[in-house]
Amino acid sequence: MNVFQQLQHDKLLHQSRRQFLSKCVAGVGSAWLSSLANQAIGAGSSDIHSSISHIAPKAKRVIFLHMAGAPSQLELFDYKPELAKYDGKPTPEEYLAGQRFAFIQGVPKLMNSIYPFHQAGESGQWISDRLPWFEKVIDEVCFIKSMHTNQFNHAPAQLLLHTGNANLGNPSIGSWVTYGLGNENDNLPGYISLVSGGKAPSAGKFVWGSGFLPSVYQGVQCRSKGDPVLYLSNPDGISRDMRKNAVDAITKINQQAYNESHDPETLTRISQYEMAFRMQIHANEAFDLKDEPEHIHELYGTAPGKESFANNCLLARRLAERGVRYIQLFDWAGTHTARVKVPLSMMGSKISAKTSTNQCTHCSPTSNNAAYWRTPSLYGEENSGAHQCAKTAVVRK
Amino acid sequence: MEYSNLHRSTIPNCITFPNLTILSTIIATSLLQAEAGSKVSFNKDVRPIFINKCTKCHGGAKADGDLSLIYRSEVLGIGKSGKTIIVPGKPAESELYRRIITDDLDDKMPLQQGDHADEPLSKKQTDTIKRWIEQGAQWEEHWAYIPPAQAALPKLSHKDWPLLEMDRYVLASIEKEKLSPSKSAGKAQWLRRVSLDLIGLPPSPKELDNFLADDSSESFEKQVDRLLSSPRFGERWASIWMDLARYADTMGYEKDPHRNIWPYRDYLINSFNADKPYNQFLQEQLAGDLFKNPSSEQLIATAFHRNTQTNTEGGTDDEEYRVLSTIDRVNTTWTAAQGLTFGCIQCHDHPYEPIPHADYYRFSAFFNSTADVDIDNEFPLFKVSDNKEEREKTVLIFNQIRPLQTALNQYGKKWITADTSWAHLNFTTTNTTHGKLASYPDGQLRASGTLAIRTRFDLVAQPQDFTALRVSIIPETENPAELPERASVLSQLILNIVKPDGSKQPIKIAHVFADSIVGPHDPNSSINDKRDGFGGYPKLFNKRQAVFVPTEPVTLAADESLEVTIQHKASTTGSQACTLRRFSIESSQSQEWTKIISNKSFELSKTALAKALQEYKEIKGLNIPIIQQRPEDAHRETRLFIGGLWLNKGEIHTEGVPQLLNPAGKKVTNRLEMAQWISSEKNPLTARVMVNRLFSELFGRGIVQTLGDFGSTGTKPTNLPLLDHLAIEFQTTQKWSIKQALRNMMLSSTYRQDHNASAELAEKDPHNIHLARGPRTRLSAEMIRDNALVTSGLMTTSLGGASVMPPQPDGIWQSVYSGAKWKTSEGANRYRRALYTYWKRTSPYPSMLTFDTPSRDLCSAQRITTNTPLHALITLNDPVFLECSQAFAKRMADEAGTDLEARIKYGYLLSTQQTASSDTVTILKQLHADFLEDFIASPEKSQKVGKSPEDAALTVIANTLLNLDAAITK
């Protein structure tokens, strides 16, 4: 176990259930804790949770765009002039020595970027001609080009990307963020994932799983179609007022149970029922795109009621505005063949709009948009591409 | 969530965290300070200082200056500087002490500058160490590594309270805290608790009435015995073991395809119901296949370790995932049975326990020679006959097949190398349909370039008489640490004599003998036109040799030639070709080969094998993955992974268990012996870990709270004498009987206490650590569903069988490259208990996940109960719970007469087994009145909830009852 794990481990050990509760999915435990904790469960030890924030965090929210099967960064923003020299030539031996490439036999040939690159913006960032819209906001973007992976299969690679480990069992980065920073919104989960493209990630729901952290830190998968949160809607025939009436009755009876048992969990449960009731309104409101003005729909390419990546991008913004800490978008677009076949200008347009902060005053200095592209950079004789071990991230400055 | 997972270091690349001081702060709060002058305890006083301040540099993972404070021999030995680290009795001569008190900042420990700089030790800490050295520096092993011992009890004042011996240990702790035991729970409270704890279901009103009316002195015992003999008992306890076994109905990873493994779940149910002794239960799961003539049950038990994931994603390396499965088996065995974070030492020595890195690989060697190889068909499989009566017949045939194959092969095996007449064929033509193929002076043929799956080598050799041909498949690398390499399979060997006129005369091959009968393919399949064949599949671990014996000696005229065609067809995941790349073909003229195949007993063996295979084929059943051992002649060597990286191979290690837990040095050389070692009375952990788990299920928390970590960083036992007492009882008087252990705990005064606490007690002991009251805990995910089903009368009671798909919202399953669909079960299967719910690893059943069921990707030693708003949304709104509410309402109406108050009281009784207070009845009556009014006013709403406004309003009451704290708590 490394030091970080040890830290978390010890932290969990010393952290009583009380502290877990205070950071529950929607943080409602804290409501009663602040008023009742002292009487209910006695004075606790120092709040270890707060000590993790030893540096004042600048980033307050994260929007993570994961676009599986996107065009290669070699056609977008990862300029590799050296590669041109090797176009159509066998891969130099030093690149292959000691490597295991599942799909490649013999010596594959390298392939250069197809589209021309130029420098853009004040930063002079190299970018291809496929991203004309994105180019307009290029100075607001930070590129990280130092990320590497040794995983060339989808599921392990996605696990590595999101949990830091190609094997199962570890918390996703969103879980860590929510764990470390808590939740700002009492009416919505602090970590939400949205999926489009009709497929879950190859690595399944572990991509937003909480691994060894308590399950309250796992991403809550919300849906852009139907109930945004599972079981959010009352059953047909039960109105909101009726539901309120029922929750009130449950509260009153549970209060009696508490008076007898003095079980703090009972108090928490009372709060959670009230919280669930509030969540029913707030989540529905947050997920309702109908109140967005027309020009926003135009900009994002959104259509209310549809399950699309565009809708999810706009939803991510709305959730960020409401204080959701970590929003994980996952879009599935099949294969990388878009690399050569599909003109990318539209894609560029959408991403730039979605990463634009001008439209979103609330998330302006704080939200991070990150996109990762996997690189099909080695092409075999039979067009079987292996994925070279390089990744580039785009992070909003 | 379970703590133990924190240690699952399948992570070779460790994350670093900048702020080490936090760690210190945290641990500092837990330090036990020694009183001046008193005897210093190493475990209580000194070890925590080492772990807090020293072991991050001088520990197992990192031993700067070659000093690790984990090992006694190093602490009491001589350091790199040549100075003695600790001289017992003499702090001044002890280098360790000098370095912590020195004022020389360059010399001081902990370091005062650089990345590892830390606060110096406090005065109190240095004093503790000084006194410990003065008192002779007595080293103590961590408590968990010392066998349990019966502790003496202090004098107790509440003499009449204890009913059983365990109560006296509990009472000692209660009195030490100046608390008093609570009064006994009401009979209804106790029966609800005991019923949910033992069978996962609440008692029926009739069962409750019977118990309330039973005034006999044995009334409690009768109830416990009734519940222990209920078939529902096995279902409840199987679901706990399923978390440890990481049971799922799918293989995991990307496509996450279906897996047939539910007979293993039924094995668990049956084992718990039969009260199989825990030691036997463990042995069967770890090594059932190595028992003499294993029964079908024992073979099914080994599926415990086939719940590892199989990666079917195209292009994944089958060896990498086989290795990962092995690692998972090691970690799971240790977490589940031993409660130790063994996973830590995959990459390095244990940072906190005296267990060296190499111990991991010695232990993994037990699992490294199993036959499974991460291929899509999940080989090896065992057929579980559909007809229960036929299962033992199936296993009799199954147990014959491998020995028959091996015996048959034995006729020729030794001659493969003993025959001295092998001579390379002289090839005149070496053509290939893909890539290149060339003949080398050493007689080898080597293929290169891009070789497709169906690559065919067309070889022509000079005429040569022969009685047999030997094909050797040779790895490309000569460095054994680089093995295994990609698969190499000869799918079909075709021999022809080519006549001068060009016509061909086929040579019929009678039999193929191989160097080993190993892997998913029969060597004799290399003479038919199927895909499988002879070689290394899905990986080539070493040189393979097979001898192809024609039906009669072959003679060729000088103007004839021998045509050898090698057809490849096999592939691994992602359509990877498995061609030969380096091989040789030799001929023999020894008459021995012809003799062997014309031997009468050889023929009989062949017939017997064919018969067994045919009989096995005819049995109708379900093939499930099981553990099988590779034969001795195909034993895999186990190499240490340097830094835990599977491609970074170090020294070879052979089977063994950590010396720490095997001080007598008992020989443990194979998986069966390992299973026996784990489940022996000598093992200090096994019984403790299990009784602690049982205790935690009943009391809501373990005596050691971290069920999967009994090591020095796990939580300390809150009452070690109690734990040891229970462990010793379990091993001795209870003879590893889980039912006896549970029975004992449930009949104790401790368990019988009222779970309601006074405000004062709740404040003094909020988590009920000292057990001065009865346990009050939330129902588990399974119980939440089962409770709703049984209360509403919907529950299906059949036992075992294939997993089912109760309703879940559309669009939950969206796996990549998978056509699998959630098909909502119809009829009785819609209402089965939660443990039968189909478990898809990448997309588990959402409501159970929300109620803390782990995803079962890896072994999970512990669920941490959460309390979130999402729970409320499920029990209020999930259509499953609405359906239960409707049925529950109907039951209230049908069974409690027409009076509303009677219905409410009955409903409350059904859902909580308690009597509703008058306030509760008033609140619910008012709620009913409000809803009735609403439903009468809006018939369109009413119709959606119930047949009439009255039904609809009662349905709401039923749903409210299912949501009460009293209904989801036991």
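1. Leu771(B) counts as buried, since its relative accessibility is 7% and the cut-off for buried is under 20%. This residue lies in the loop of chain B between helix H24 (759-764) and helix H25 (781-791). Although Leu771(B) is not a glycine, its phi is positive, at about 60°. As with everything that follows, this reading comes from a predicted model.

2. A second residue of this kind is Trp736(B), which is not a glycine either and has a positive phi near 65°. Trp736(B) is found in the loop between helix H21 (720-731) and H22 of chain B, and with a relative accessible area of 2% it is buried, because the limit for that class is under 20%.

3. Helix H22 (residues 738-746) of chain B is itself mostly covered, with 7 of its 9 residues buried.

4. Over all chains, a search of the whole structure finds 50 aromatic pairs. One of them joins Phe513(B) and Trp593(B), whose ring centres are 6.0 Å apart and whose planes meet at 40°, so the pair is tilted. Phe513(B) lies in strand E11 (residues 509-514) of chain B, whereas Trp593(B) lies in helix H17 (residues 592-598) of chain B, and the pair therefore ties together parts that are 80 residues apart in sequence. Both Phe513(B) and Trp593(B) are buried.

5. What is the arrangement of the rings of Trp813(B) and Trp822(B)? Their centres are 5.4 Å apart and their planes stand at 80°, so this pair is edge-to-face, given that an angle over 60 degrees puts a pair in that class. Trp813(B) is buried, at a relative accessible area of 13%, and Trp822(B) counts as buried too, at 15% relative accessibility. Trp813(B) has a further contact, in that Lys840(B) lies over the face of its ring, at 4.7 Å from the ring centre.

6. In chain A, strand E3 (residues 117-120) and strand E4 (residues 125-128) run antiparallel and are joined by 4 bridges. Within this pairing, His118(A) has Ile127(A) of E4(A) as its bridge partner. The two strands, E3(A) and E4(A), form a hairpin with 4 residues between them, and in the turn Gly121(A) has a positive phi of about 65°.

7. Two cis peptide bonds in chain B deserve a look. The bond from Phe379(B) to Pro380(B) is cis, with omega near -5°, and Pro380(B) is found in the loop between helix H15 (357-368) and strand E1 (381-385) of chain B. The bond from Leu483(B) to Pro484(B) is likewise cis, with omega near 0°, and Pro484(B) has its place in the loop between strand E7 (468-473) and strand E8 (485-490) of chain B.

Note on methods
Residues are numbered from 1 along each chain as its sequence is written. Chains are lettered from A and ligands numbered from 1 in the order in which they are written. This is a predicted model: local features need pLDDT of at least 70, side-chain atom pairs count only at pLDDT 80 or more; totals for chains, interfaces and linings use all residues. Side-chain values use heavy atoms; hydrogens and water are left out. Rings of Phe, Tyr and Trp (its six-membered ring) pair if their centres lie within 6.5 Å; planes under 30 degrees apart count as stacked, over 60 as edge-to-face and the rest as tilted. Buried means under 20% relative accessible area, exposed over 50%, partly exposed in between (1.4 Å probe, protein chains only). A charge sits over a ring if NZ of Lys or CZ of Arg is within 6 Å of the ring centre and within 35 degrees of the ring normal. Two strands pair if DSSP finds at least two bridges between them.
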